[in-house]
Amino acid sequence: PAVAFFWDVPSHNRVYRPSMIPSPDPIERNRSLTWTVEIRTAADAPVEGASLALESWMPDDENVRVGRPRAIADLGGGFYRVEGLRFDSPGWWNLRLAISSAGLTDSLAFNVVLR
């Protein structure tokens, strides 16, 4: 089981409101996962053609090896496919997402606690 808040999270400067859609749900450990990210503006418009940069890590345990997730496909309508997410250990995980579109860049972090 996981504790996470993935829906409609405002970016640091409130430019974007992304949501992570995990698959499978519940989140599985010890395998590479492919998720979907929905990106919307603060005014609730879908963001298409964005550039995404992702990073995952365990703030409480720097020795845990993490994969480098990446956005691999713009699915249209503000949806993007992300591959390479992997959670090999229980505990607190942080998923940092930077979004760039139309000259605006902002970032945020999703927090996940896996038991």
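The questions below concern a predicted model.

Student: Which strands are the edge strands of the four-strand open sheet?

Tutor: The sheet has the order E2-E3-E6-E5, with antiparallel pairing. An edge strand here pairs on one side only. That applies to strand E2 (19-21) and strand E5 (70-76).

Student: What does the twist average from one strand to the next?

Tutor: The four strands in question form the open sheet E2-E3-E6-E5. From one strand to the next, the twist averages 30°.

Student: How many bridges join strand E3 to strand E6, and which residue stands opposite Leu33?

Tutor: Strand E3 covers residues 33-38 and strand E6 covers residues 79-85, and the two run antiparallel. Six bridges join them.

Student: Is Asn94 buried or exposed?

Tutor: Asn94 lies in strand E7, residues 91-101. The cut-off for buried is under 20% relative accessible area. Asn94 has 7% relative accessibility, so Asn94 counts as buried.

Student: Which side chain makes a polar contact with the side chain of Asn94?

Tutor: Neighbours within four places in sequence aside, Asn94 is in contact with Glu55, Ser56, Trp57, Pro59, Ala109, Phe110 and Asn111. The polar contact between side chains is at 2.9 Å. The partner of Asn94 in that contact is Asn111.

Student: Where is the proline of the cis peptide bond found?

Tutor: Most peptide bonds are trans. The bond that joins Ser23 and Pro24 is cis, with omega of about 0°. Pro24 is found in the loop between E2 and E3.

Student: What is the phi of Arg14, and is Arg14 buried or exposed?

Tutor: Most residues other than glycine have a negative phi. Arg14 is not a glycine, yet its phi is positive, at about 60°. Arg14 is found in the loop between strand E1 (2-4) and E2. Its relative accessible area is 58%, and the cut-off for exposed is over 50%, so Arg14 is exposed.

Student: Which loop holds Ala102, and is Ala102 buried or exposed?

Tutor: Ala102 also is not a glycine and has a positive phi, of about 50°. Ala102 is found in the loop between E7 and strand E8 (104-114). With 78% relative accessibility, Ala102 counts as exposed.

Key:
Residues are numbered from 1 along each chain as its sequence is written. This is a predicted model: local features need pLDDT of at least 70, side-chain atom pairs count only at pLDDT 80 or more; totals for chains, interfaces and linings use all residues. Side-chain values use heavy atoms; hydrogens and water are left out. Buried means under 20% relative accessible area, exposed over 50%, partly exposed in between (1.4 Å probe, protein chains only). A polar contact is a pair of N or O atoms within 3.5 Å; within protein, one must be able to donate a hydrogen and the other to accept it, and residues adjacent in sequence count only if both atoms are side-chain atoms. Contact means heavy atoms within 4.5 Å. Two strands pair if DSSP finds at least two bridges between them. Axes are lines fitted to C-alpha atoms, for helices over the stretch in contact, and angles run from 0 to 180 degrees between N-to-C directions.
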